[in-house]
Amino acid sequence: MARGTRLSAEDWTEAALAALGEGGLGAVAVEPLAARLGTTKGSFYWHFRNRDALLAATLDRWERVDTEDVIARAERADGPYARLRFLLAGALRDDPDLPAGNAVELALQASAAHPLVAPVLARVTRRRLDYLTAQFVALGFDAAEAGRRSLLAYTAYLGHAQLAHATPAITPDGPELRAYVEAVLCRLTGP
């Protein structure tokens with residue numbers, strides 16, 4: 001961002017979200033973000049009273065973009081199986097149009113005890129599980145079985161994200177990833 005350009009609160013939360021994904025919660029700091037944006041701390045204080053206010057706004061943005069917006073896009077798919085495929089493919093990075101939230105997700109999981117992170121992470125997890133459960137119910141599974149399958153799908157996503165982060169050479173990509181997505185989806189929706 002060029003000096004002299006007026007920054008918005010969204011500019012700050014976007015930069016904070018990128019920093020969070022790159023360096024964890026500790027990377028969401030005013031001075032490095034100001035440098036990243038090519039501005040001064042004064043711009044920050046125009047929009048936020050302190051770091052916690054920026055962090056809260058950043059978490060709200062993450063929840064909106066990586067959960068609510070993704071669910072809204074999934075709703076456009078034709079039926080529950082297509083919605084599950086869309087979500088799984090996106091979570092495992094087979095859909096380049098979805099936000100690259102795995103790094104942020106992992107950073108937030110690592111900071112799950114933080115007083116600002118904990119309630120947002122719990123709310124997002126519950127929302128995602130409820131949505132997944134609804135898709136399995138729509139496929140004909142009873143509520144208890146749908147809940148188990150949604151939990152299995154979500155833990156598969158978190159495990160895959162961690163594996164891709166820690167040992168990216170092991171995780172499939174390209175055609176192998178697409179085949180992997182189909183195999184996981186088949187197991188999640190099969191008898």
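What follows is a short exchange about a predicted model of one chain.

Colleague: How many of the 191 residues are buried, as a percentage?
Modeller: Buried residues make up 45% of them. As for contacts between residues at least 6 apart in sequence, 64% join residues at least 24 apart.

Colleague: What is the average pLDDT of the chain?
Modeller: The average is 91, and 93% of the residues score at least 70. Among the elements, helix 7 has the highest mean pLDDT, at 98. Helix 6, residues 102-110, has the lowest, at 91.

Colleague: Where does pLDDT stay under 50?
Modeller: Over residues 94-100. The model has 21 contacts beyond four places in sequence for that stretch. Where pLDDT is low, the predicted coordinates should not be read in detail.

Colleague: Now the aromatic rings. Why is the pair of Phe-44 and Tyr-45 called edge-to-face?
Modeller: The ring centres are 4.8 Å apart, and the planes stand at 85 degrees. Pairing needs centres within 6.5 Å, and edge-to-face needs planes over 60 degrees apart. Both conditions hold, so the pair is edge-to-face.

Colleague: Are those two residues buried or partly exposed?
Modeller: Phe-44 has 0% relative accessibility. The cut-off for buried is under 20%, so Phe-44 counts as buried. Tyr-45 has a relative accessible area of 46%. That value lies between 20% and 50%, so Tyr-45 is partly exposed.

Colleague: What makes Phe-136 and Phe-141 an edge-to-face pair?
Modeller: Their ring centres are 6.2 Å apart, which is within the 6.5 Å limit. Their planes stand at 65 degrees, over the 60 that edge-to-face requires. Therefore the pair is edge-to-face. Phe-136 and Phe-141 are both buried.

Colleague: How many aromatic pairs are there, and which residues form a cluster?
Modeller: The structure holds five aromatic pairs. Trp-12, Phe-44, Tyr-45 and Phe-48 form one aromatic cluster.

Colleague: How do helix 5 and helix 7 cross?
Modeller: Helix 5 spans residues 80-91 and helix 7 spans residues 117-138. Their axes come within 8 Å and cross at roughly 145 degrees. The crossing is left-handed.

Colleague: Which residues meet there?
Modeller: Helix 5 brings Pro-80, Arg-83, Leu-84 and Leu-87. From helix 7 come Tyr-131, Leu-132, Gln-135, Phe-136 and Ala-138. These divide into seven nonpolar, one polar and one charged.

Colleague: What makes Ala-74 buried?
Modeller: Its relative accessible area is 0%. Buried means under 20%, so Ala-74 qualifies. Ala-74 is found in helix 4, residues 51-74. Beyond four places in sequence, Ala-74 touches Arg-83, Phe-86, Leu-87 and Tyr-131.

Colleague: Why does Glu-105 count as buried?
Modeller: Glu-105 shows 0% relative accessibility. The limit is under 20%, so Glu-105 counts as buried. Glu-105 lies in helix 6. Leaving aside neighbours within four places, Glu-105 is in contact with Trp-62, Leu-121, Arg-128, Tyr-154, Tyr-157 and Leu-158.

Colleague: How do you know that Tyr-154 is buried?
Modeller: Its relative accessible area is 6%. That is under 20%, so Tyr-154 is buried. Tyr-154 lies in helix 8. Beyond its neighbours within four places, Tyr-154 is in contact with Glu-105, Thr-125, Arg-128, Leu-129 and Leu-132. Tyr-154 and Thr-125 are 29 residues apart in sequence and 8.7 Å apart in space, C-alpha to C-alpha.

Colleague: And why is Gln-162 called partly exposed?
Modeller: Gln-162 has a relative accessible area of 39%. Gln-162 is found in helix 8, residues 143-166. C-alpha to C-alpha, Gln-162 is 9.6 Å from Glu-105, 57 residues apart in sequence. The C-alpha atoms of Gln-162 and Glu-176, 14 residues apart along the chain, are separated by 18 Å.

Note on methods. Residues numbered from 1 in each chain as written. Predicted model: local features only at pLDDT ≥ 70, side-chain atom pairs only at ≥ 80, totals over all residues. Heavy atoms only, no water. Axes fitted to C-alpha atoms, helices over the stretch in contact; angles between N-to-C directions. Helix = DSSP H or I, 4+ residues; strand = E, 2+ residues; numbered from the N terminus. Left-handed = near helix turned anticlockwise from the far one by under 90°. Contact = heavy atoms within 4.5 Å. Nonpolar A, V, L, I, M, F, W, Y, C, P; charged D, E, K, R; others polar. pLDDT = per-residue confidence, 0-100. Phe/Tyr/Trp six-rings, centres within 6.5 Å; stacked < 30°, edge-to-face > 60°. Buried < 20%, exposed > 50% of the residue type's maximum accessible area, 1.4 Å probe, protein only.
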